[in-house]
Amino acid sequence: MENHSEPLYLYPVWIRLWHILNALFCLTLIITGLSIQFSNPTIIVRFRVAVAVHNVAGVLLSVNYIIFFIGNLFTKNGAYYVFEVRGYFSRLKSQFHHYTIGVFKKEAAPFPVTVDSKFNPLQQLSYVAVMYVIIPLVILSGLGLLYPEITINNLLGISGLDYTDLLHLFCGFVVTIFMCIHIYFCTFGKTALSNFKSIINGYH
Ligand code: HEM
């Protein structure tokens, strides 16, 4: 998100609260998830503690996700997650060019932030993919691992639990990569810290 003269109120209180909790739960889940995956020898957190914390953080993240989902359904924030498919790839190309070349030449952003358009094309795609595909899949596969009896018994000779596990690991990995890229791109504001201040005080 780049230069703009007037401060715009873009992040209502509920989005800021959801976001900070979501970031904390995701960090906890990544650290404990890695500790469960690489439990022998123990890395970061002991196995039993990691499992207990991972389960609680997973349930809390799910409840927080429901708040995000309902909030976006019933407030105007949801409109930012709906975008025009026609011409999308050429807009994405302009944004990509800006992030890889334009930004270093101090060129103006191709999609300046306005009250009607809070996200640039790259944010639109990545936020929709993560919030409406990857996080729901991580939650559903997590539920399957917590309650194995709800997963299918067998598909092509392989247990349903194995597929569920693979899906959960894959989505957890995608969230981890998303978070690293997301934080990096958030530094491309007016100053390196301005977007981080926005998600705390609400103003861009
Ligand atoms: C420590 C971790 C994180 C930091 C420092 C961070 C930082 C930020 C910042 C600065 C913004 C505002 C700028 C923008 O809209 O791009 C933002 C918005 C957003 N972040 Fe993060 N983020 C973190 C973790 C996450 C995670 C784990 C997710 C999802 C899994 C996420 C999803 C989002 C979404 C969807 C928005 C837009 C919210 C809205 O306005 O509707 N963030 N984040």
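Predicted model: local features only at pLDDT ≥ 70, side-chain atom pairs only at ≥ 80, totals over all residues.
Let's start with the peptide bond between Asn40 and Pro41. This bond is cis, with omega at about 0°. If you want to find Pro41 in the structure, look in the loop that runs between helix 1 (13–37) and helix 2 (47–74).

## Two residues with positive phi

Next up is Lys106, which sits in the loop between helix 3 (88–100) and helix 4 (121–146). Lys106 isn't a glycine, yet its phi is positive, at about 60°. Is Lys106 buried or exposed? Lys106 counts as exposed because it has 7 C-beta neighbours inside 10 Å, and a residue with 12 or fewer gets that label.

Leu156 is another non-glycine residue with a positive phi, this one near 55°. You'll spot Leu156 in the loop between strand 1 (154–155) and strand 2 (158–159). Leu156 has 5 C-beta neighbours inside 10 Å, so it counts as exposed.

## Around the ligand

Now for the ligand. Which residues come nearest to it? Out of 24 residues around the ligand, the nearest are Ala23, Cys26, Cys186, Asn195 and Ile199. Helix 1, helix 4, helix 5 (160–186) and helix 6 (194–201) are the elements that each give two or more residues to this shell.

What kinds of residues make up the shell? Sorted by class, the shell has 16 nonpolar, 7 polar and 1 charged residues.

Methods: Residues numbered from 1 in each chain as written. Helix = DSSP H or I, 4+ residues; strand = E, 2+ residues; numbered from the N terminus. Buried ≥ 20, exposed ≤ 12 C-beta atoms within 10 Å, placed from the backbone. Near = placed C-beta within 6 Å. Nonpolar A, V, L, I, M, F, W, Y, C, P; charged D, E, K, R; others polar.
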